[in-house]
Amino acid sequence: MTDSKKPRRTSGKRERLAAAAAQVLHAQGVAQTTLADIAQAAEVPVGNVYYYFKTKDQLVEAAIDAHAESLQGLIGALDQLPTPQGRLKALVNGWTEQRDLTARYGCPTGSLASELDKRADGLDQSIAQVMRILLDWAEQQFRAMGRTDARELAVALLSAYQGVSLLTNTFRDPDLMTTEARRLERWIDSLA
């Protein structure tokens, strides 16, 4: 649900490490990722990682924060569009633009949520908060369209995206995302 591109070299080391953590955790998963992997992706000496983050879990938390910041930026951009219907369709279009990345690694936020749910350290609740941001925003859009069933529609939208993300990743088929996006756009139009 957020973009996992290579971190920009121009930002500070802490920010680069957080962005790199989000990207590497998406590509490799929490269990397979080492601090050295993240340091390499951030182009930061591995010894410097400990100055900013004492544990891998702190880096996971920073990655979750990076997802939240990215999502807030996306929502801010979408909110500039004139209609809730247009905002929702632009969200779906953004998902489609990430279809190749999704085919390779799955949804960045959804994959992390699934992995963290298997742990008992509270990080699952942190990533759930990120998903809740998008769910609440989608509900606001459906409500602005005059829908009294706005929450249910928001859940349906995010469920459709998470489901097609899983299928796109499982079958390594970006066309699945494209097909579902077209269906979701028609569905959004039918609700207006």
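Two residues are in contact here when they have heavy atoms within 4.5 Å of each other. On that basis, the buried residues of helix H2 pack against helix H1 (13–28), helix H3 (46–52) and helix H4 (56–78). The model is a predicted one. Its largest nonpolar core has 57 residues, and H4 gives the most to this core, with 10 residues.

- Helix H2 spans residues 35–42, and Leu35, Ile38, Ala39, Ala41 and Ala42 are buried within H2.
- Viewed down the axis of H2, these buried residues fall within an arc of 165°, so they line one face of the helix.
- An α-helix has 3.6 residues a turn, so residues three or four places apart point the same way.
- Glu43 follows H2 and is placed in the loop between H2 and H3.
- The phi of Glu43 is near 55°, which is a positive value in a residue other than glycine.
- Glu43 counts as partly exposed because its relative accessibility is 41%, between the limits of 20% and 50%.
- Pro45 also lies in the loop between H2 and H3, and Pro45 is partly exposed, with a relative accessible area of 49%.
- Pro45 and Lys13 are 32 residues apart along the chain, and their C-alpha atoms are separated by 9.9 Å.

**Packing of H4 with H7**

- Two packed helices are described by the angle between their axes and the distance between the axes.
- For H4 and helix H7 (residues 108–116), the angle is about 145° and the axes are 11 Å apart.
- H4 passes H7 in a left-handed crossing.
- The contact brings Val60, Ile64 and His67 of H4 to Pro108, Thr109, Leu112 and Leu116 of H7.
- The residues of this contact between H4 and H7 comprise five nonpolar, two polar and no charged.

**Nonpolar core**

- Within the core of 57 residues, those with the most contacts are Trp95, Phe142 and Leu157.
- At least two residues of this core come from each of H1, H2, H4, helix H5 (84–97), H7, helix H8 (123–144), helix H9 (150–171) and helix H10 (174–191).
- In soluble globular proteins, nonpolar side chains tend to be buried together.
- Leaving aside residues up to four places away in sequence, Phe142 touches Leu88, Arg147, Ala150, Leu153, Ala154, Leu157, Trp187 and Leu191.

- Lys89 is found in helix H5 and is partly exposed, with a relative accessible area of 24%.
- Beyond residues up to four places away in sequence, Lys89 touches Glu185, Ile188 and Asp189.
- The C-alpha atoms of Lys89 and Asp117 are separated by 29 Å, and the two residues are 28 residues apart along the chain.
- Thr178 has its place in helix H10.
- Thr178 is buried because its relative accessible area of 19% falls under 20%.
- Apart from residues up to four places away in sequence, Thr178 touches Thr96 and Arg99.

- Most residues other than glycine have a negative phi.
- Arg172, in the loop between H9 and H10, has a positive phi near 50°.
- Arg172 counts as exposed, at 53% relative accessibility.

Technical notes
Residues are numbered from 1 along each chain as its sequence is written. This is a predicted model: local features need pLDDT of at least 70, side-chain atom pairs count only at pLDDT 80 or more; totals for chains, interfaces and linings use all residues. Side-chain values use heavy atoms; hydrogens and water are left out. Buried means under 20% relative accessible area, exposed over 50%, partly exposed in between (1.4 Å probe, protein chains only). Helices (H or I, at least four residues) and strands (E, at least two) are DSSP runs, numbered from the N terminus. The arc is that of the directions from the helix axis to the C-beta atoms. Axes are lines fitted to C-alpha atoms, for helices over the stretch in contact, and angles run from 0 to 180 degrees between N-to-C directions. A crossing is left-handed if the near helix is turned anticlockwise from the far one by less than a right angle, and right-handed if clockwise. Ala, Val, Leu, Ile, Met, Phe, Trp, Tyr, Cys and Pro count as nonpolar, Asp, Glu, Lys and Arg as charged, and the others, Gly among them, as polar. A nonpolar core is a set of buried Ala, Val, Leu, Ile, Met, Phe, Trp, Tyr and Cys residues joined through side-chain atoms within 4.5 Å.
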